[in-house]
Amino acid sequence: MNISIFGLGYVGCVSLGCLANNGHRVIGVDINDFKVDLINSGQPTIVEKDIDRIIKEQFDAGRISATTDAKQAVFDSEISIVCVGTPSSPQGHLNLSYIFKTAEQIGEALREKDSFHTVVIRSTVLPGTNRKFGEIIGQFSNKERGKDFTVVSNPEFLREGTAVKDYNNPSVTVLGGDNPAVVEKVASLYRHLDAPIEITDIEVAEIIKYVNNGFHALKISFANEIGNISKALNIDSHKVMDLFCKDTHLNISPAYFKPGFAYGGSCLPKDLKGLVTLGHDQYVATPVLSGVHESNENQKRIAYELIERTGKRNICFIGLSFKEGTDDLRYSPSVDLAEKLIGKGYKITIFDENVHLSKLVGANKSFIDEHLPHLSELIVGQVEQAILQAEVVLINHRNFDGGKYKEILKEKTAVVDLVRIPALEDLPNYVGLCW
């Protein structure tokens with residue numbers, strides 16, 4: 001294909017070389033004459049392993065060139081890949097002026113171009129940028145998105161120092177667009193790579209880079225706090241984290257990565273508190289670990305506010321234990337929520353197939369006696385009975401067969417789902433916790 005790349009910085013230079021290396025004819029576009037001259041002399045604009053060799057070879061093969069003339073680059077290509085910078089302001093907002101200036105340039109060029117044109121945004125941008133980018137192109141070209149051009153989001157995951165390797169060996173290629181045929185055309189640029197291509201919603205593609213890097217930053221900070229606690233105790237922190245990484249069922253895995261309600265139970269709250277206290281006793285600050293509890297409490301507040309906004313006072317709980325398949329009520333976030341609602345004057349009805357008062361013993365019984373001493377008056381034996389008695393149904397357990405009760409659920413003021421039951425999402429009164 002004939003491809004133009006806007007922005008000859010890190011991502012643009014690597015993309016230029018790698019696409020040309022895959023047989024495409026690629027034109028780099030930049031407002032900086034020095035960068036353009038470097039490419040046009042067979043030299044890269046960055047220092048990066050292997051890119052100098054690739055740029056030189058592809059320049060000699062006649063597959064790469066560069067220009068400051070955006071219009072000519074658009075005319076000479078069928079796909080334009082946007083790799084311009086999106087620096088942060090001191091307040092953390094993105095400066096998208098370079099992105100939108102590029103949209104203006106492409107739009108002005110398309111005003112005089114007859115053939116369909118595809119724009120691919122590789123730059124790291126916030127959700128909504130793709131839509132606005134397309135609006136600007138339409139404004140400056142007097143052409144219609146979907147008919148004359150389209151915009152595809154294709155976030156990059158390149159690390160400095162290993163960018164060429166990362167380009168050729170991605171974990172996944174992400175594409176978000178509203179024109180399936182064009183998205184498939186863009187996907188063809190990556191089909192030769194040994195990695196899955198995930199085609200998704202535009203906004204999902206736009207936010208995923210932020211999610212990835214936010215988690216990477218969290219991992220580093222988490223490991224550092226464990227290291228600080230370990231050092232204070234004269235424990236080898238690298239041995240600790242090496243062992244931590246051996247668990248690929250829960251620790252390094254997709255486990256727990258589903259947005260939903262707060263955690264609870266007898267282990268997580270207790271052990272997190274113990275770890276934070278251990279650090280405190282050693283005079284070690286643990287802001288990340290200490291913030292986990294507050295984040296968990298915030299999730300409980302969000303659930304309460306969803307119920308409060310319904311304006312109704314008669315609430316049915318489907319599930320009370322801290323997770324389905326157990327009768328363990330200790331530190332269950334559902335117990336906390338029920339306790340708060342009762343304190344605010346709400347009427348609560350509870351159905352939990354695993355919670356039987358006669359079988360609650362020990363610490364489990366002591367906990368519920370302290371927090372919900374009148375539980376026997378709140379529990380009902382049949383789920384349908386619980387639903388019929390309520391105005392708002394609150395779902396706390398994933399094993400609830402919601403589809404079976406849709407007819408009576410749709411008559412309720414609201415169905416508040418804390419765990420995400422897909423069968424209920426088409427109900428007109430459905431409210432998801434964080435989805």
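Reader: What makes Leu-233, Ile-235, Val-240 and Leu-278 a nonpolar surface patch?

Author: This is a predicted model. A patch takes residues with over 30% relative accessible area and no salt bridge, and joins nonpolar side chains within 5 Å. Leu-233, Ile-235, Val-240 and Leu-278 make such a patch, of about 260 Å².

Reader: Where does Leu-233 sit, and why is Leu-233 called partly exposed?

Author: Leu-233 is in the loop between helix H9 (202-232) and helix H10 (237-244). Its relative accessibility is 30%. Buried means under 20% and exposed means over 50%, with partly exposed in between. So Leu-233 counts as partly exposed.

Reader: Why is Thr-102 called buried?

Author: The cut-off for buried is under 20% relative accessible area. Thr-102 has 4%, so the label is buried. This residue lies in helix H5, which covers residues 97-110.

Reader: How do you know that the side chain of Thr-102 makes a polar contact, and with which atom?

Author: The limit is a pair of N or O atoms within 3.5 Å. The Thr-102 side chain reaches the backbone oxygen of Tyr-98 at 2.8 Å.

Reader: Which residues does Thr-102 touch beyond four places in sequence?

Author: They are Phe-6, Val-82, Val-84 and Phe-133. Touching here means heavy atoms within 4.5 Å.

Reader: What makes Asp-60 and Lys-56 a salt bridge?

Author: A side-chain nitrogen of Lys or Arg must be within 4 Å of a carboxyl oxygen of Asp or Glu. For Asp-60 and Lys-56, the N to O distance is 2.6 Å. The two residues are 4 apart in helix H3 (residues 51-60), so about one helical turn separates them. Lys-56 has 41% relative accessibility and therefore counts as partly exposed.

Reader: How do you know that Asp-50 and Lys-49 form a salt bridge?

Author: Their closest N and O atoms are 3.4 Å apart. The limit is 4 Å, so the pair qualifies.

Reader: What about Lys-270 and Asp-271?

Author: Lys-270 forms a salt bridge with Asp-271, with the closest N and O atoms 2.7 Å apart. Lys-270 is at 52% relative accessibility, so it counts as exposed. Asp-271 is at 42%, so it is partly exposed. Elsewhere, salt bridges that share partners join Glu-297, Lys-300 and Asp-336 into one network.

Reader: How many salt bridges does the structure hold?

Author: The structure holds 21 salt bridges.

Reader: How does the radius of gyration of the protein chain compare with that of a compact globule?

Author: A compact globule of 435 residues would have a radius near 22 Å. The protein chain has 28 Å. Its C-alpha atoms fill a box of roughly 80 × 60 × 40 Å along the principal axes.

Reader: What share of the residues is buried, and what share of the accessible surface belongs to carbon and sulfur atoms?

Author: Buried residues make up 46% of the 435 residues. The accessible surface is about 22,100 Å², and carbon and sulfur atoms hold 52% of that.

Reader: Which secondary structure does the protein chain have?

Author: The protein chain has 17 helices and 13 strands. Among contacts with a separation of 6 or more, 68% come from residues 24 or more positions apart.

Methods. Residues numbered from 1 in each chain as written. Predicted model: local features only at pLDDT ≥ 70, side-chain atom pairs only at ≥ 80, totals over all residues. Heavy atoms only, no water. Buried < 20%, exposed > 50% of the residue type's maximum accessible area, 1.4 Å probe, protein only. Polar contact = N/O pair within 3.5 Å; in protein donor to acceptor, adjacent residues only side chain to side chain. Patch = residues over 30% accessible without salt bridge, like charges linked within 9 Å, V, L, I, M, F, W, Y side chains within 5 Å. Areas by Shrake-Rupley, 256 points an atom, 1.4 Å probe, with all protein chains shown as cover. Rg over C-alpha atoms; globule rule 2.2 N^0.38 Å.
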